[in-house]
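Me: I would like to go through the terms used for this structure and see what each one rests on. Please set each value against its cut-off.

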Amino acid sequence: MTVDEMIKLKKELGFSYQYISEKSGVPLGTVQKIFGGFTESPRYSTLKALSSVFEDLDMVMETSHYNAGTSAIKIDSYENKTLEDYLALPEGTRIELIDGVFYDMAAPTFVHQRIGGMIFFEFERFIDENGGPCIPSIAPTDVQLDCDDKTMVQPDVLVVCDRDKIIKARVVGAPDLIVEVLSPSNWYMDVIRKKNKYQNAGVREYWIVLPDDKKVLVYNFEESSDPVEYTFEDKVPVAIWGGKCEVDFKTIYSKIEFLYD
């Protein structure tokens with residue numbers, strides 16, 4: 001969740017600085033500086049703590065119809081959906097189905113697409129050079145994550161190493177590796193909701209790329225629930241391949257750096 005989004009929710013919900021400080025554990029002075037615009041680049045850990053105050057989605061939706069991670073919609077009209085409802089959507093509709101609820105997906109930016117495409121290319125090249133059963137794919141690829149009729153997601157990049165999970169129409173089951181490229185509108189979706197869904201479904205490794213912060217958060221769920229943080233100056237190792245594949249984000253950034261001017 002961005003600072004601007006939290007400021008908007010603070011006003012709508014009437015939260016005081018003191019309340020946010022007590023609920024998040026962030027010192028009152030720090031809360032005042034961040035919400036007052038005096039701190040331009042808060043630490044990720046601080047943003048995560050502050051965002052936790054606003055993560056009671058039922059309360060937020062009742063108050064403002066705010067659907068964190070998607071466009072502002074009246075979520076009650078999107079509930080109690082199944083795979084049948086998802087497959088009946090018009091072709092090209094950007095919707096994900098998570099636990100029986102539809103969530104709109106914003107159109108990806110050029111930066112978003114370029115980063116996802118270059119990561120996919122590195123995965124494809126590694127597999128071509130080293131062999132093995134793994135298959136990479138890029139959005140929009142349907143993933144029936146829980147093998148039920150309540151969840152269908154479209155990760156930005158994914159790798160499946162069990163080919164029995166792949167059918168012509170979609171992936172059925174948890175991919176081994178998922179990469180999501182963060183957009184300002186999908187902070188909560190990728191960092192909180194999808195992270196929990198992916199971990200519980202059996203995804204082994206999850207990357208969250210933060211283009212604005214020039215960072216990459218890597219969850220190796222087989223070892224820890226906490227992420228390892230990299231920057232766009234680093235080579236990020238792929239845990240499912242024992243670190244033999246590394247994605248050089250310095251090279252990736254060099255190809256999109258002109259868009260940051």
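Me: Why is Phe232 called buried?

Reply: This is a predicted model, and every value here is computed from it. Phe232 has a relative accessible area of 3%. Buried means under 20%, so Phe232 qualifies.

Me: What makes the rings of Phe232 and Phe249 a stacked pair?

Reply: Two values decide that. The ring centres of Phe232 and Phe249 are 5.5 Å apart, and a pair needs centres within 6.5 Å. The planes of Phe232 and Phe249 stand at 25°, and planes under 30 degrees apart count as stacked. The pair is therefore stacked.

Me: Why is the pair of Phe232 and Phe249 said to tie parts of the chain together?

Reply: Phe232 lies in the loop between strand 10 (228–231) and strand 11 (235–237), whereas Phe249 is in helix 9, so the pair joins parts 17 residues apart in sequence. Phe249 is buried too, because its relative accessible area is 0% and the limit is under 20%.

Me: Why is the pair of Phe232 and Tyr253 called tilted?

Reply: Phe232 and Tyr253 are 6.0 Å apart, centre to centre, with 55° between the planes. Stacked would need under 30 degrees and edge-to-face over 60, so the angle of 55° falls under tilted. Tyr253 lies in helix 9 and Phe232 in the loop between strand 10 and strand 11, so this pair ties together parts 21 residues apart in sequence. Phe232 and Tyr253 are both buried.

Me: Which residues do ring pairs link into a cluster?

Reply: The cluster consists of Phe123, Phe126, Trp207, Phe232, Trp241, Phe249, Tyr253 and Tyr260. The structure has 10 aromatic pairs by this rule.

Me: Which residues touch the most other members of the largest nonpolar core?

Reply: They are Phe123, Trp207, Trp241 and Phe249, in a core of 31 residues. Helix 7, strand 5, strand 7, strand 8, strand 9 (215–220) and helix 9 (249–256) each supply at least two residues. Helix 7 gives the most, with eight residues. Another core, of 23 residues, lies apart from it, and includes Val101, Val171, Leu182 and Ile192.

Me: What is Phe123 in contact with, its neighbours within four places in sequence left aside?

Reply: The partners of Phe123 are Pro136, Val157, Val159, Leu177, Val179, Trp207, Val238, Trp241, Cys245 and Val247. Of these, Cys245 has a relative accessible area of 4%, and under 20% means buried, so Cys245 is buried.

Me: Why is strand 7 said to be largely enclosed by the rest of the structure?

Reply: Strand 7 covers residues 177–181, and five of its five residues are buried, so the rest of the structure largely encloses it. Leu177, Val179 and Val181 are buried on one side, and Ile178 and Glu180 on the other.

Me: How do you know that strand 7 pairs with strand 5 and strand 8?

Reply: Pairing takes at least two bridges. Strand 5 (residues 157–160) and strand 7 have three, in the antiparallel sense. Strand 8 (residues 205–210) and strand 7 have five, in the parallel sense. The count therefore meets the cut-off in each case. Ile178 is the bridge partner of Leu158 and stands opposite Tyr206 in strand 8.

Me: What makes Cys134 and Cys161 a disulfide?

Reply: Their sulfur atoms are 2.0 Å apart, and the cut-off is within 2.5 Å, so Cys134 and Cys161 form a disulfide. The structure holds one disulfide. The link is right-handed, with 95° about the S-S bond. Cys134 is in the loop between helix 7 (110–130) and strand 3 (135–138), and Cys161 in the loop between strand 5 and strand 6 (171–172), 27 residues apart. Cys134 and Cys161 are both buried.

Me: Why is Asp104 called buried?

Reply: Its relative accessible area is 17%, and the limit is under 20%, so Asp104 is buried. Asp104 belongs to strand 2. On strand 2, Phe102 and Asp104 are buried on one side, and Val101 and Tyr103 on the other.

Me: How do you know that strand 1 and strand 2 pair?

Reply: Strand 1 (residues 95–98) and strand 2 have four bridges, in the antiparallel sense. Since at least two are needed, they pair. Glu96 has Tyr103 as its bridge partner in strand 2. The two strands form a hairpin with two residues between them, and Asp99 in the turn has a positive phi of about 50°.

Conventions
Residues are numbered from 1 along each chain as its sequence is written. This is a predicted model: local features need pLDDT of at least 70, side-chain atom pairs count only at pLDDT 80 or more; totals for chains, interfaces and linings use all residues. Side-chain values use heavy atoms; hydrogens and water are left out. Buried means under 20% relative accessible area, exposed over 50%, partly exposed in between (1.4 Å probe, protein chains only). A nonpolar core is a set of buried Ala, Val, Leu, Ile, Met, Phe, Trp, Tyr and Cys residues joined through side-chain atoms within 4.5 Å. Contact means heavy atoms within 4.5 Å.
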